[in-house]
Amino acid sequence: MKQYLDLCQRIVDEGVWVENERTGKRCLTVINADLTYDVSKGEFPLVTTRKSYWKSAIAEILGYLRGYDNAADFRALGTKTWDANANNNPAWLNNVHRKGEDDMGLCYGAIGRAFPKPDGGHIDLLKQIIEDLTKGVDNRGEILTFYHPGAFHMACLRPCMYSHHFSLLGDTLYLNSTQRSCDVPLGLNFNMVQVYVLLAIVAQITGHKAGQAFHKIVNAHIYEDQLELMRDVQLQREPYALPTLKINPDIKSLEDIETWVTMDDFSVEGYQFHEPIAYPFSV
Ligand SMILES: Nc1nc(=O)c2c([nH]1)NC[C@@H]1CN(c3ccc(C(=O)N[C@@H](CCC(=O)O)C(=O)O)cc3)CN21
Ligand SMILES: O=c1ccn([C@H]2C[C@H](O)[C@@H](COP(=O)(O)O)O2)c(=O)[nH]1
């Protein structure tokens, strides 16, 4: 929690105003942040200085792991976070590749579960990683990437947290996740939860202990219409102790994740938080 608040304060104190063409808004921006979550100690990085919608965040990462490319599928899992990008962005609505209502196009899991090969066909990157890790293999390239510049014109958004690199040291699994662009008041609440959950659940289904997750952010920003709420409300609050996350121990394979897992398989204990803050969202 301290590392999150420190980053927010750093943006307020040292950020530089940058015009963003896609949203038509200015963003107070810093470059480079490194956050660490110790999953081995159960340090679940849930924001306490406002109500954080952790179920929505877990539903998002679950949808990516399932290869979803449709906001309706995300809603069925328990999150509306893709509705706006799929259905309210004029550039995407006019894109000839959009396959109709709720389509997100070729991004995130649609790439990671079926990465197009230059010589034809696809690779299921996640399946291959899970198979390797289950056998105790780390080939120093166990990388789940959602980043395919050749597909950007066929997607509603480029992936923000675009790479998840798993590593084994003995029986302990580590994760390095990289994010190119970060909406710190809104997106990062979710992204911290997602990095933690991704390491915890992949360790669980591959039979390893979870170690640390390292989260690298390149462009970290606060949109101009979020700044006042962050500086004058959220940053004035004292954080509470971190809660803990429980994951159903019956989840044992990638197939379980693909077939029956729901938000009921996750629970958070001891979550004490301050009043909700409704930050403006930029499409
Ligand atoms: N500008 C922007 N910021 C983002 O964080 C973001 C995007 N766009 N587009 C793609 C996804 C969608 N994500 C989202 C979308 C909406 C919320 C949001 O509205 N959160 C509210 C309410 C959440 C709820 O009720 O479930 C929040 O207070 O956290 C968060 C992340 C993260 N990503
Ligand atoms: O998981 C996510 C997804 C998106 N974001 C934010 C970061 C930016 O504010 C926008 C994406 O805009 P680009 O112009 O494509 O950079 O969404 C996030 O923080 N986390």
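## Helix α7

In helix α7, which spans residues 125-134, the residues L125, L126, I129, I130, D132 and L133 are buried; buried means under 20% relative accessible area, exposed over 50%, and partly exposed in between, with a 1.4 Å probe and protein chains only. These residues lie on the same side of α7 because they cover an arc of only 165 degrees around the axis, the arc being that of the directions from the helix axis to the C-beta atoms. After α7 comes G136, which has a positive phi near 80 degrees. Helices (H or I, at least four residues) and strands (E, at least two) are DSSP runs, numbered from the N terminus.

## About the model

This is a predicted model, in which local features need pLDDT of at least 70 and side-chain atom pairs count only at pLDDT 80 or more, while totals for chains, interfaces and linings use all residues. Residues are numbered from 1 along each chain as its sequence is written, chains are lettered from A and ligands numbered from 1 in the order in which they are written, and side-chain values use heavy atoms, with hydrogens and water left out.

## Helix α2

Helix α2 has 13 residues and reaches 18 Å from its first C-alpha to its last, close to the 18 Å expected at 1.5 Å a residue. The expected span of a helix is 1.5 Å times one less than its number of residues.

Of the 13 residues of α2, 12 are buried, so the helix is largely enclosed by the rest of the structure. Among them are W54, S56, E60, Y64 and R66. α2 is followed by G67, whose phi is also positive, near 80 degrees.

## Ligand 1

Around ligand 1 there are 15 residues, of which R50, S56, N85, D183 and S282 come nearest; a residue is near a molecule or strand if one of its heavy atoms lies within 4 Å of it. A polar side-chain atom of S56 is 2.9 Å from an oxygen atom of ligand 1. Nitrogen atoms of the ligand are approached by polar side-chain atoms of N85, at 2.7 Å, and of D183, at 2.8 Å. The protein covers 79% of the 650 Å² of accessible area that ligand 1 has on its own; such areas come from the Shrake-Rupley method with a 1.4 Å probe, and for residues only the protein chains shown count as cover.

## Ligand 2

Ligand 2 is surrounded by 14 residues, and the closest are R22, R180, S181, H221 and Y223. An N or O atom in the side chain of R22 lies 2.7 Å from an oxygen atom of ligand 2. For S181, a polar side-chain atom is 2.8 Å from an oxygen atom of the ligand. D183 has a backbone N or O atom 2.8 Å from an oxygen atom of ligand 2. Of the 460 Å² of accessible area that ligand 2 has on its own, the protein covers 88%.

At least two residues of this shell come from each of β7 (172-183), α8 and β8 (209-223). With five residues, β7 gives the most. By class, the shell has five nonpolar, five polar and four charged residues.

Methods
Polar contact = N/O pair within 3.5 Å; in protein donor to acceptor, adjacent residues only side chain to side chain. Nonpolar A, V, L, I, M, F, W, Y, C, P; charged D, E, K, R; others polar.
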